[in-house]
Amino acid sequence: MSENSAPKMRPYGRQLFICQHGDCAPPEEALKLQGVVRENLGVLRKLRNPERVKCTLSDCLGVCRGGPIVAVYPDGVWYHHVTPELMERIVQEHLGEGRPLDEHIFHRLYPAEQTPVYAPDLRGDAGSYDPESNSVRTATSETADSGYAPAPDGDDGENSAEVIDAEERRRAARRKKLKKGLVIVNTGEGKGKTTAALGVMTRAWGRDMRVGMIQFLKHEKARFGEIKAAEKMGVERIGVGDGWTWTSKDMDETEARARAGWAKAQEIIQAGELDILIMDEFTYPLHYGWLDTAEVLAWLSEHKPPMMHLIITGRYAPADLVAYADLVTEMRNIKHPFDTQGIRAQAGIEF
Ligand code: FES
């Protein structure tokens, strides 16, 4: 093994700290509790068990009353007035079965529903430990085919299962090197929806990907900064709008332009010559009912090339579009210079 090789030893799944400093409770009580832990750990002491527990007598845990104080990591759970009987239950129910004893907990580092990722899950070796053979069927080996990670034995907590599931999905994706053309939606009342889409466009352009943009409401003759930039970058940009709905002098014309824009977008998508197409402000024709959302989504399901990314921007994204998309971000206004200081849109920042 070279000097810089990573250690091969499997770290502990959890660690118990028992305060023996002496202010919250007599130190001998801490020693007694440590004995109870040792007697009851059972398979949680086994070296090969990914859930094995380390019990440590600790210096002051910063509470200094109501002891003995016992903390469980990485759970971030603190127990008070821990008697030998309670210690036994903590080992069996909390550590063994994944059921913290809520009525004896006085402090949590995380809300109960946000159980932090547990060490075996993080490492990817959570699984069923077989004390008979002193071996473990790891999540990695169990999930190689099924893509499913079982919860540790006795863990029936919904949140914990979700954490494992999310982590396993990430591992499965890494294994399979999954790729697909995403449908991305930037919506919400806040600023930055189009800007974020253009950021992705710039990134993709930098990677020599073929990018294009179709703007549904902004006037076809608009000369915003992003349009000038797209032109300088040689990005195809098609404007089909006649302005904004609230300034439109002819709503029929606005609607007809949106429909024509969708026809143009269909043409571009079906041609499959782009890697990324931004459909700027496309949520509005859907929101105003100029286009039928269900029909649009059905068409996309059938015709969008699998590796082509679509980025749709605009407020009021319909719920069906949100459900259909792979990635949805909502921009939210926290503070705006116009609201607080009366500063209007500035070139290079807003347009
Ligand atoms: S002395 Fe035990 S927590 Fe402070």
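Of the 351 residues of the chain, 31% count as buried, a residue being buried if 20 or more other C-beta atoms, placed from the backbone, lie within 10 Å of its own. The model is a predicted one, in which local features need pLDDT of at least 70 and side-chain atom pairs count only at pLDDT 80 or more, whereas totals for chains, interfaces and linings use all residues. Residues are numbered from 1 along each chain as its sequence is written.

The secondary structure comprises 12 helices and 13 strands. Helices (H or I, at least four residues) and strands (E, at least two) are DSSP runs, numbered from the N terminus. Two residues are taken to be in contact if their C-beta atoms, placed from the backbone, lie within 7 Å. Among the contacts in the chain with a separation of 6 or more, 72% are made by residues 24 or more positions apart.

Five strands form an open sheet with mixed pairing, in the order S2-S1-S3-S4-S5; two strands pair if DSSP finds at least two bridges between them. Strand S2 (53-58) and strand S5 (105-108) are the edge strands, each pairing on one side only. From one strand to the next, the twist averages 20 degrees, with axes given by lines fitted to C-alpha atoms and angles running from 0 to 180 degrees between N-to-C directions.

Strands of a sheet pair through backbone hydrogen bonds, either parallel or antiparallel. Both arrangements involve S1. Strands S1 and S2 run parallel and are joined by six bridges, with Leu-16 opposite Cys-55 in S2. Strand S1 (residues 14-19) and strand S3 (residues 70-73) run antiparallel and are joined by four bridges; here Ile-18 stands opposite Val-70 in S3. Together, S1, helix H1 (residues 27-40) and S2 make a right-handed β-α-β unit. A crossover is right-handed if, with the strands pointing away from the viewer, the path from the first strand over the helix to the second runs clockwise.

A nonpolar core is a set of buried Ala, Val, Leu, Ile, Met, Phe, Trp, Tyr and Cys residues joined through C-beta atoms within 7 Å. The largest such core has 34 residues, and those with the most contacts inside it include Met-201, Leu-277, Ile-278 and Ile-311. Elements that each supply at least two residues of this core include helix H6 (193-206), helix H8 (251-271) and strand S11 (276-280). Strand S9 gives the most, with five residues. Another core, of 23 residues, lies apart from it and includes Leu-41, Trp-78, Ile-90 and Val-91.

Note on methods. Buried ≥ 20, exposed ≤ 12 C-beta atoms within 10 Å, placed from the backbone.
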